[in-house]
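User: Please look closely at one pairing between charged side chains in this structure. I would then like to see how it sits beside the other side-chain contacts.

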Number of protein chains: 2
Amino acid sequence: MPLWGGVETGGTKTVCAVGTGPDDLLDTIRIPTSTPDETIGRIVQFFRQKQATEPLAAVGIAAFGPLDPNPDSPTFGYITTTPKPGWANTDLAGAIRRELDLPVGFDTDVNAAALGEHQWGAAQGLGNFVYLTIGTGIGGGAMVGGELVHGLSHPEMGHIRIPHEWGRDPFAGFCTYHGDCLEGLASGPAVEARWGQKADTLPKDHPAWLLEAEYLALGLINLIFILLPERFILGGGIMQQAQLFPLVRRRVQELLHGYLPFPTILERSDEYIVPPDLGSRAGVLGAIALAQQATR
Amino acid sequence: MPLWGGVETGGTKTVCAVGTGPDDLLDTIRIPTSTPDETIGRIVQFFRQKQATEPLAAVGIAAFGPLDPNPDSPTFGYITTTPKPGWANTDLAGAIRRELDLPVGFDTDVNAAALGEHQWGAAQGLGNFVYLTIGTGIGGGAMVGGELVHGLSHPEMGHIRIPHEWGRDPFAGFCTYHGDCLEGLASGPAVEARWGQKADTLPKDHPAWLLEAEYLALGLINLIFILLPERFILGGGIMQQAQLFPLVRRRVQELLHGYLPFPTILERSDEYIVPPDLGSRAGVLGAIALAQQATR
């Protein structure tokens, strides 16, 4: 079996690994995500060393966005309009492809994580599911008919608009673009700004979590009405608060008001709304899945 | 070229036709949608007469929902939980398939209309788009990667939740399930109940249309954040009010607040949010497209 390379480029750190899957991650390094030149240089150096002993079939790159994931676009492989200093309009995938002379797969970190969960984790065997990460921001990836959803570009699910009950929650929202979109109401920074303390320091029975579950459930039912996914995988720092899962499951059922009486949603909700299986390795494993896809 | 049959089963009338596409609809009949037995009997009778002179390759059925469009399900082809008297749990597609001994395609009227627009209308050449009908209800179909979206079942886009500005619009909403979901705020009956007169009798400069455009734009940006479609096709009775199109286009751009700076959305919005091409024939032509798909 050939070896694959995976790169997860995050806002602060970049993870590189080679392997074939979760039981076989041969080597992993973490480097800071500094300037594009320096970061790409260290990524290339890592894989060149690997290539010296064993050939790689392809490299997958799971990157922070916005980015251009469309293979037919002239800017395929670019980080596009990111506010991260120095990274706007960076040809990340192209640079790695040229330096290593290998096929590259390229998509958002969250699409890659969805692909990894499909291949080895909580979405195995499902052709239609949604992966959401709820942390510093809220992002999502979806699979429909066995393929990751791409339209004009990759999805940006965090910015959907939901009802905001001002009486119950006078917090105006934290999104610089939209104020009280889902990300503006329910991301980690929103929770912290609303309650005046870091989310992970709030007690498990704090009313913050009921409100958080309300907003997440509103986001999920919108996704249900649009995609009717077979499963939701909810990851990210906020979802480390395991008490959220039963709260979100119950509110999703209540908010549907009997409209979509699917046993999957109403009777087996602990299998319908689940945490990721791959944990902190989802990104780099997703990148390896992207590499495998790149040579399909 | 073989001939195909198409059936559009609406809440009050059923349309049957044979042909190969919009330039070649050989024969069309309209019958009332009465009881299932009587309606299916007349559908079968129509196609038997056609078969007597020229063989049909397949029949496509575009039906009101909810229905089961999953070919692997034991209730594939059934109208499922409809409130329409007598029609719940009706094996519509199975009955037609057995009586005519032909392959059948089966999906919602709105998914079929999307497929028809893809094949012959406003979505030709696009693999990712959304078709919405805004009328007595609000329904939607989507294509992703060249295939109609199905998850656990067909999409029900009308019931997504959006912000409701109570100060500007104290109308509580008209949806029996969810009150002020998109359908509850923006369908034809909602407009009529809010303003006390039928939507098509409101003057074109009535504030009703600005409010309607606001709600539709909120629905569209949620679909943009989730699917990033290459185009929206908006049909249905309400969208006969052509003044809505520029209002919706502008509000979509404004509500994005520069977050997704795609020229397709910002500079060519008159090609991004468009009316259907197939008009009132969309349903039955979509059914013929379903028939063609059934024998692929």
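Analyst: In this predicted model, the place to begin is Arg251(A), which counts as partly exposed because its relative accessibility is 23%; the limit for buried is under 20%. The side chain of Arg251(A) meets that of Glu214(A) in a salt bridge, with 2.6 Å from N to O.

Glu147(B) pairs with Arg296(B), the closest N and O atoms being 3.8 Å apart. Here the partners are 149 residues apart, with Glu147(B) in strand 10 (residues 147–148) of chain B and Arg296(B) in the segment after helix 10 (282–294) of chain B. Glu147(B) counts as partly exposed, since its relative accessibility is 41%. Arg296(B) is exposed, because its relative accessible area is 71%. To return to chain A, salt bridges with shared partners join Arg251(A) and Glu214(A) with Arg168(A), Arg250(A) and Glu254(A) in one network.

Over all chains, the structure holds 22 salt bridges. Another of them is formed by Asp180(A) and Arg161(A), whose closest N and O atoms are 3.2 Å apart. Both residues are in the loop between strand 10 (147–148) and helix 4 (182–186) of chain A, yet they are 19 residues apart and link distant parts of the chain. Asp180(A) counts as buried, with a relative accessibility of 11%. Arg161(A) is buried too, its relative accessible area being 13%.

A search of the whole structure finds 12 aromatic pairs over all chains. One of them joins Phe232(A) and Tyr272(A): the ring centres are 5.7 Å apart and the planes stand at 90°, so this pair is edge-to-face. Because Phe232(A) lies in strand 11 (residues 231–235) of chain A and Tyr272(A) in helix 9 (residues 269–272) of chain A, the pair ties together parts that are 40 residues apart in sequence. Phe232(A) has 0% relative accessibility and so counts as buried. Tyr272(A) is buried as well, at a relative accessible area of 1%.

In chain B, Phe76(B) and Phe106(B) form an edge-to-face aromatic pair, with 6.0 Å from centre to centre and 90° between the planes. Phe76(B) is in the loop between strand 4 (56–63) and strand 5 (78–79) of chain B, and Phe106(B) is in strand 7 (residues 104–108) of chain B, so that distant parts of the chain, 30 residues apart, are linked. Phe76(B) counts as buried at 17% relative accessibility, because the class takes in values under 20%. Phe106(B) is buried, with a relative accessible area of 5%. Finally, one aromatic cluster brings together residues of chains A and B: Tyr177(A), Phe225(B) and Tyr259(B).

Note on methods
Residues are numbered from 1 along each chain as its sequence is written. Chains are lettered from A and ligands numbered from 1 in the order in which they are written. This is a predicted model: local features need pLDDT of at least 70, side-chain atom pairs count only at pLDDT 80 or more; totals for chains, interfaces and linings use all residues. Side-chain values use heavy atoms; hydrogens and water are left out. Rings of Phe, Tyr and Trp (its six-membered ring) pair if their centres lie within 6.5 Å; planes under 30 degrees apart count as stacked, over 60 as edge-to-face and the rest as tilted. Helices (H or I, at least four residues) and strands (E, at least two) are DSSP runs, numbered from the N terminus. Buried means under 20% relative accessible area, exposed over 50%, partly exposed in between (1.4 Å probe, protein chains only). A salt bridge is a side-chain nitrogen of Lys or Arg within 4 Å of a carboxyl oxygen of Asp or Glu.
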